[in-house]
Amino acid sequence: MDSRVQNEALHALIRQAAWNGQGLAEAVNAVGREANFPLAYTRSSAGQWLAGMVPRRPVPHIVAEALSRRLGRQVTTAEAGFGESAQEDGDGTSDRLIALAVAGSPANLATSPYRVYRLSGFPGDEEPRVPAPEPSPNMSAPAGSVRVGRKDVESAEEMLRLFTGADAAGGAGHVRTALGLYLANAIAPSLAAATREIRAELMSVAARLAYLCGVMCRDDELHGFAQQYYLIALRLAARAGESGVRARVLTSMSVQAVALGHHDRALALARASVATAAGELPPEECARLLGQRAVAHAAAGDRQGALADMAAAQAGLKRAGDPSRTAAAALAYRRGVMLALLGDTPKAITQLEISVRHSPATERHSRAITLSHIAGLQLRHGYLKEAIATWHRFLDDYPAINSGRARTALAHLQSGVRPYHGVPSARALLTRAVSLQQRLPQLTTGPRAASAIAGL
């Protein structure tokens, strides 16, 4: 005998959302795709939830997020009748870093609610609310603990350099988990044990490490995890008085929102990043912020705003005198993305190619991702020969890169070029791509969770 009780709470929310079962299922599938969960729910699936069946994690969180977006307010899993806590841990920074490291382990990643990118709780017309600073920990370290000093700050700075270099060279997949564990096992306890003076310095480095971890998670297409690390970075940067770091984090959050199609949020975040910097950053950095605001304007359909911000960004880079290759490449990339969003594909391709030429040789990862964007634009514009040549350049770098975006680019290569299989050069490209998949299986599987959530 089935003892399940009708989920009246979910019934009520669906009525508020003006959905039927099919509408709910489609919205849940959409949020799932964003989190790299290949869900295929139907009206009958929603009927089972309404009848009292509770799906496996993290589907209750995906359902709650879908309802939150529809209703314009945060809906918890408990409110949706699934009886699960909306949070996996406390609000403290140290607790959150530890929880994220545990959730990001191979054993837990597939079912973690942290996979879900949340629009709820973050108004679209203002900067996301940074949680209030938690009280300073007890200044007396536990008996027998090692005193945290300036050497620990220097060590953290060196680790930041190492992780940054590793990500630039080979992508997030090689080091993302290690950075999460370093934040949880070294940085979190050091922040708790440090004296007030040392803690202030360490907090600044910790903010940049958390920001980098967010960038890595975004690169690995773990958008919910990225969001969590970004919020931690915002909190730490606020407590350290690092407005420049906060501006960079907000810019990266805007980049993420554009990629996910949340254009209003992307523009709000880009505006907040520029306002936060308030002239405290050097011209190169300000050009980056303005460049991303131009992209966000373009994504939101504001051509005039996009062009005005990009002109200001270019002027700012000129004021830098002798900008670095990295800064020049970054602005050319953003100009290319902006132009692509505005529909000017030929000029977008030109700017992205300029970005590749300016990229330092050590930044193989970003170069490969940019090449994949160029090839995609070339193919869509009918430049088959040029696209094939660009894809080959992407494949030259691919064996050294481990990242979700690179895996997605490889999939786009095959799906985009397959219709031209009758063209010898296209067939040769596909053969090479398949050969790479077979020789490098570790680079063709990522944090997707099809097997883990089958039969939900």
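Visitor: In which helix is the place of Arg176?

Guide: The model shown here is predicted. Helices are numbered from the N terminus. The one that covers residues 176-193, and with them Arg176, is helix α7.

Visitor: Is Arg176 buried or exposed?

Guide: A residue counts as buried when its relative accessible area is under 20%. The relative accessibility of Arg176 is 13%, so Arg176 is buried.

Visitor: Which residue has a side chain joined to that of Arg176 by a polar contact of 2.8 Å?

Guide: Leaving aside neighbours within four places in sequence, Arg176 is in contact with several residues, including Cys213, Met216 and Asp220. The polar contact of 2.8 Å links the side chain of Arg176 to that of Asp220.

Visitor: How are the rings of Tyr41 and Trp49 arranged, stacked or edge-to-face?

Guide: The structure holds six aromatic pairs. In the pair of Tyr41 and Trp49, the ring centres are 4.9 Å apart and the planes stand at 75°. Planes over 60 degrees apart count as edge-to-face. The pair of Tyr41 and Trp49 is therefore edge-to-face.

Visitor: What is the relative accessible area of Trp49?

Guide: Tyr41 is buried, with a relative accessible area of 8%. Trp49 is buried as well, and its relative accessible area is 0%.

Visitor: Which residue forms one aromatic cluster with Trp391 and Phe394?

Guide: Trp391 and Phe394 both lie in helix α17, three residues apart, about one turn of the helix. Both residues are buried. The residue that forms one aromatic cluster with Trp391 and Phe394 is Tyr398.

How values were computed: Residues numbered from 1 in each chain as written. Predicted model: local features only at pLDDT ≥ 70, side-chain atom pairs only at ≥ 80, totals over all residues. Heavy atoms only, no water. Phe/Tyr/Trp six-rings, centres within 6.5 Å; stacked < 30°, edge-to-face > 60°. Buried < 20%, exposed > 50% of the residue type's maximum accessible area, 1.4 Å probe, protein only. Helix = DSSP H or I, 4+ residues; strand = E, 2+ residues; numbered from the N terminus. Polar contact = N/O pair within 3.5 Å; in protein donor to acceptor, adjacent residues only side chain to side chain. Contact = heavy atoms within 4.5 Å.
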